[in-house]
Amino acid sequence: MAPAAPPAASRIAVVTGASSGIGAATARRLAEAGYRVVLTARRKDRIEALAEEITAAGHQATAYPLDVTDRQAVDEFATAFRTVGVLVNNAGGALGADPVATGDPADWRTMYETNVLGTLHLTQALLPKLDASGDGTVVVVSSTAGHSTYEGGAGYVAAKHGAHVLAETLRLEIVGRPVRVIEIAPGMVRTEEFALTRFGGDTEKAEKVYRGVPDPLTADDVADTITWAVTRPPHVNIDLMIVRPRAQASNTKVHREL
């Protein structure tokens, strides 16, 4: 089914973490679906290049360098808009794979501040603008880690559980208002940076995550899912969608062809 055209009052879509991976792919997909996308991330050069690419393809895109953990900067960003149709809270990430006993508290703090507080900052700042659109959508890109635990991932799991609960609670709190809350929880997604960042640039450890796995998800697979959910008719809310590759039955059971 082709995506429904977004209503005129809801054509601005803000995407956080848009400099690579799922965020960049989602920005491309939403632009193709008719939204004017606003790309945010800390890496100015990356989002400016992406905005140029999207514009060259005949769509509308604007780059805005932003650190989602900086509340003052987020509040200033929000003043640029009268209405916003879609907010995709995608900025996040994982650091380390240590057990609870030896996990680095600094890594835990960084993951919580990005995955949870970053989502909180953008959602709080833009919720009045989403309301004003008359048909707003908040998307929280969480993870299957937000729904089940696994050894060596407690810091990330805790942060993504926080993101899940934020989405679930917000939906309860704003029922009756013209804003949907959608949670997309991807499983194993092979992107250029996720595992590499998690393991501090160790390419061998990063590669091992996906070794032997036939067809892990791509960033575009997740972006396609997000765009499908966002472009449903306004009365249809996709509360939660867990998306995994066929080879992944759970966070701890993955088929590998070695």
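Guide: A salt bridge is a side-chain nitrogen of Lys or Arg within 4 Å of a carboxyl oxygen of Asp or Glu, and we shall look for such pairs in what is a predicted model.

Visitor: How many salt bridges does a search of the whole structure find?

Guide: Side chains of opposite charge can pair when their charged atoms come close. In this structure the search finds 11 salt bridges, and one of them joins Asp131 to Arg177, with the closest N and O atoms 2.4 Å apart. Asp131 belongs to helix 4 (residues 105–133), whereas Arg177 sits in the loop between helix 5 (154–173) and strand 6 (179–186), so the pair ties together parts that are 46 residues apart in sequence.

Visitor: How far apart are the closest N and O atoms of Asp75 and Arg71, and where do these two residues lie?

Guide: The closest N and O atoms of Asp75 and Arg71 are 2.9 Å apart, in a salt bridge. Both residues lie in helix 3 (residues 71–78), and because they are four residues apart there, about one helical turn separates them. Asp75 is partly exposed, with a relative accessible area of 35%, and Arg71 also counts as partly exposed, at 28%.

Visitor: Which parts of the chain does the pair of Asp224 and Arg29 link?

Guide: The side chains of Asp224 and Arg29 meet in a salt bridge of 3.2 Å, N to O. This pair links distant parts of the chain, since Asp224 is in helix 8 (residues 219–230) and Arg29 is in helix 1, 195 residues apart.

Visitor: Is helix 1 largely enclosed by the rest of the structure, or largely exposed?

Guide: To read this, one counts the residues with under 20% relative accessible area, which are called buried. Nine of the 12 residues of helix 1 are buried, so the helix is largely enclosed by the rest of the structure. Among them are Gly21, Ile22, Leu30 and Ala31, and Ala31 has a relative accessible area of 3%. Leaving aside its neighbours within four places in sequence, Ala31 is in contact with Val37, Ile54, His59 and Gln60.

Visitor: What does the side chain of Gln248 reach?

Guide: The side chain of Gln248 reaches the backbone nitrogen of Met188 at 2.8 Å. Gln248 is found in strand 8 (residues 248–250), where it is buried, with a relative accessible area of 8%. Beyond its neighbours within four places in sequence, Gln248 is in contact with Gly187, Met188, Lys253 and Val254.

Notes. Residues are numbered from 1 along each chain as its sequence is written. This is a predicted model: local features need pLDDT of at least 70, side-chain atom pairs count only at pLDDT 80 or more; totals for chains, interfaces and linings use all residues. Side-chain values use heavy atoms; hydrogens and water are left out. Buried means under 20% relative accessible area, exposed over 50%, partly exposed in between (1.4 Å probe, protein chains only). Contact means heavy atoms within 4.5 Å. A polar contact is a pair of N or O atoms within 3.5 Å; within protein, one must be able to donate a hydrogen and the other to accept it, and residues adjacent in sequence count only if both atoms are side-chain atoms.
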